[in-house]
Amino acid sequence: MRDAAKRRGIETVWDRSAANVACKFGLEGLCCKNCNMGPCRISAKTPRGMCGADADTIAARNLARAVAAGTSAHSDHGRHLVHTLRMVAEGATDSYRIADERKLFEFAELYKIETRGRAVLDVAKDLARALDAEFAHAEAPMKTLSQAPLKRQAVWEKAGVKPHGIDHSVVELMHRTHMGVDHAFDHVERGTLTTAIADGWGGSMIATAVSDILFGTPKPVLSSVNLGVISKDHVNIVVHGHEPALSDCVAAACEDPAMIEYAKGKGAAGIRLSGICCTANEILMRRGVPVAGNFLQQELAVMTGAVEMMLVDVQCVMPSLASVAACFHTKVVATSKLAHTAGFETVAFSEERAMDQARTLVRSAIDNFANRNRDKVEIPESRVDFVAGFSVRAIHEMLGGRFRATFRPLNDAIIDGRIRGIAGVVGCNNPKKNLDGSIVPLVKELVANDVLVLLSGCAAISCAKAGLLSPEAARNTASPGLAEVCEAIGIPPVLHMGSCVDNSRILSAACDVLREGGLGEDISDLPAAGAAPEWMSEKAVAIGHYFVASGMLVLLGSPLHVTGGEKLDGFLTRGVEEAFGGRFAWSSGTAEQVKIILEHIDKKRAALGINAKRSRVLLDMKERRALDV
Ligand code: BF8
């Protein structure tokens, strides 16, 4: 499709990336525009800004603001879902219902909301109120933090990083990074970690939980991925962004027999819904809706010339879609009240009228089918089947069965060495890297080295395209020990856990592994690591920080924009470990990335005293590659 773009003279993200000269000051975190005395750029000649702020202060403040933005994105998404939950509970919309009462009751328990003998909607109302309160400032730390292991809570207490509210922590961080307030880079960084904890253990966890309550907790589901899911014979609608509320209704509308008949009446074979980015992941996980691609493929999806409508909500939506769509008949419709873009049509999403809006949009997409120029249609054949839907509950049930759901077999496999450890590989694509070219090789090497991989976001879509998300992948790519465990349970060695807010599922899984016993008492004890090889967004910066604050090693394929602040860089990659047990590492090559992760996992195994029990002899890399047929 990139060749097609060139042929047709359509500009894509790769063209802009090639033409862009990255600013060295920005890359190293050394440009400060927090006031109008500058902007100041730190160099050997000008080591301080106008106010006297040095490189570490400036880089730490810039980083803090990125985490505040990332946290805001995840958490505002969570807040919108809480709003929808409240509307359902109050009977203000019939477009949604409580899809998972069990999850509602489990989450209500956290807030000590009485559930016995009460109407489901009354519990939902109380829960929505309690969740709303997590955003404001409270005297006590946020309740969701109590889900973390006790040792982790004690670490946070000691470091003074327990957030007292999501919005509060963001506002406080923005205040601290205003000109003339907080200048000690490590103190700024503590505020950054506090805010990131409010993201992972607050806003993101709330977004995941309420999505499960409203749309259902995911179970394994079959689907297919890549641009080949777009059908030349069907009316194609692509949903893109992050918030699932409208897309869920669109998915329902696309299944409506009357709507399918309407499409057939217009000469189409039916309606094909697919998704991009994390809206795709949300409706994939619960409905099995196919995925057209990840972040960098959004322009390419439009360029197939066969997309009648692309519905975009918030986050990771490129404004360039307008100019690509202008070359075709594709309508790009912005559906969030927050997000308008020149060249996009707008429909202001309303929870009260969501189902009606969805039907109107689908009908309008069908009407647009007649405007498709068949000569411009060019759809690549690539399409891969895969399995997604691995919520923590689904993994529990796969490991132990529905009535004795347990993580025990997983813990035992880790303890006896058939599984060496667990890695969460998450995050974006970035045009600075080959599309999927850092994620896929890393995941392949990890599973070849006995590491079970948990995925989310665009990284999950990368691996699905590479065929790593099928049960057969265990036989083809995993080490003998890992393959044996996966085949016994019937899971791929690489598990798709959802969208980027669903990184909170990885935190929950870590807590459940610890609860099961035998692998330590804190997340920092686990033979586990996280990686975002192709990260690009501020949300990824926030995610990295909350994993580090939770005690994990987080490996990034390129450094955070801090390398100009030598002390800050050292703090993030070494110093932070002393207080939190987690740290960052930057590395761009797969071989070194694998080495860093395996060394970390082995160090944790040794500390747990389970290295000696490993009975398997590891094959060398060459032999492992030979397994990759
Ligand atoms: O929130 S992985 S490119 S889509 S930011 Fe964006 Fe990055 Fe994709 Fe999911 Ni997450």
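The lining of the second largest cavity divides into 11 nonpolar residues, 3 polar ones and no charged ones. For these classes, Ala, Val, Leu, Ile, Met, Phe, Trp, Tyr, Cys and Pro count as nonpolar, Asp, Glu, Lys and Arg as charged, and the others, Gly among them, as polar.

Before going on, a word on the source. This is a predicted model, in which local features need pLDDT of at least 70 and side-chain atom pairs count only at pLDDT 80 or more, while totals for chains, interfaces and linings use all residues. Residues are numbered from 1 along each chain as its sequence is written, and side-chain values use heavy atoms, with hydrogens and water left out.

Back to that cavity. A cavity here is a set of points, on a 1 Å grid over the protein atoms alone, where a 1.4 Å probe fits but cannot get out; lining residues have an atom within 4 Å of a point. The volume is the space filled by probe spheres set on the points, and grid points are joined across faces, edges and corners. The second largest cavity has about 110 Å³. Of its 14 lining residues, Val426, Ala531, Ile543, Phe547 and Val554 lie nearest its centre. Strand 14, helix 23 (538–549) and strand 15 (553–556) each give at least two residues to this lining. Helices (H or I, at least four residues) and strands (E, at least two) are DSSP runs, numbered from the N terminus.

How many cavities of 30 Å³ or more are there? The count is 5. The largest cavity holds about 200 Å³. It is lined by 19 residues, and Ile422, Leu454, Ala509, Ala510 and Val513 are the closest to its centre. Helix 22 supplies the largest share of this lining, with 4 residues. By class, the lining has 18 nonpolar residues, 1 polar and no charged.

Next, the ligand and its nickel atom. Which protein atom is a donor to the nickel? The only one is SG of Cys500, at 2.2 Å. Donors are N, O and S atoms within 2.8 Å of the metal (3.2 Å for Na, K and Ca), and water is not among the atoms, so sites may look incomplete. The 4 donor atoms subtend angles of 90 to 166°, so the arrangement is irregular. Cysteine 500 sits in the loop between strand 13 (494–496) and helix 22 (503–516).

Residues around the ligand include His242, Phe295, Cys500 and Lys539; near means that a heavy atom lies within 4 Å. An N or O atom in the side chain of histidine 242 is 2.5 Å from a ligand oxygen. For lysine 539, a polar side-chain atom lies 3.0 Å from an oxygen atom of the ligand.

Last, two backbone details. The peptide bond from glycine 38 to proline 39 is cis, with omega near 0°. Asparagine 226 is not a glycine, yet has a positive phi of about 105°. Most residues other than glycine have a negative phi, and most peptide bonds are trans.

Note on methods:
Four donors count as tetrahedral if all angles lie between 85 and 135 degrees; four count as square planar and six as octahedral if opposite donors are over 155 degrees apart and all others between 65 and 115; anything else is irregular. A polar contact is a pair of N or O atoms within 3.5 Å; within protein, one must be able to donate a hydrogen and the other to accept it, and residues adjacent in sequence count only if both atoms are side-chain atoms. On a 1 Å grid over the protein atoms alone, a cavity is a set of points where a 1.4 Å probe fits but cannot get out, and a pocket is an open set with protein on both sides within 12 Å along at least five of seven lines; lining residues have an atom within 4 Å of a point.
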